[in-house]
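Take a look at the model below.

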Amino acid sequence: LRKAGDEFERLAEINPEDELIWNEWGITLLNLANLLQDPIHLNESEKLYASAECRFLQAISLGNIHAFYNMAACHALIGGYSSAMYYLE
């Protein structure tokens, strides 16, 4: 997943207007954060959740409607249930 994240970063530099790159990059970071969610890696997983949220926001700003669902999932995973519902609506 880390290598995939690096690859998405490279692709986003080449084509920063591709909403699919930003959405998929966010999903990759979200999965990595979920895998690392334990007391030993707490700070790292929090940073990854925040990075995933930024990628989803970029995808949304570029018109990707699927990123709303992923943003809701991100917020639900970190306990932000009211904001998760906002993005689902």
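Which helix holds Ala67? Ala67 lies in α4, which spans residues 66–77. Helices here are DSSP runs of H or I with at least four residues, numbered from the N terminus. This is a predicted model, where local features need pLDDT of at least 70, side-chain atom pairs count only at pLDDT 80 or more, and totals for chains, interfaces and linings use all residues. Residues are numbered from 1 along each chain as its sequence is written, and side-chain values use heavy atoms, with hydrogens and water left out.

Ala67 is buried, at a relative accessible area of 0%. Buried means under 20%, exposed over 50%, and partly exposed in between (1.4 Å probe, protein chains only). Leaving out residues up to four places away in sequence, Ala67 touches Asn23, Phe56, Ala59 and Ile60. Contact means heavy atoms within 4.5 Å. The C-alpha atoms of Ala67 and Phe56 are 5.5 Å apart, though 11 residues separate them along the chain.

Now follow Phe56. Beyond its neighbours within four places in sequence, Phe56 contacts residues including Gly26, Ile27, Leu30 and Met71.

The largest nonpolar core has 22 residues. Such a core is a set of buried Ala, Val, Leu, Ile, Met, Phe, Trp, Tyr and Cys residues joined through side-chain atoms within 4.5 Å. Trp25, Leu30, Leu48 and Phe56 touch the most other members. Helices α1 (2–14), α2 (19–35), α3 (42–61), α4 and α5 (81–88) each supply at least two residues. The largest share, seven residues, comes from α2.

End at Leu88, in helix α5. Leu88 is partly exposed, with a relative accessible area of 48%.
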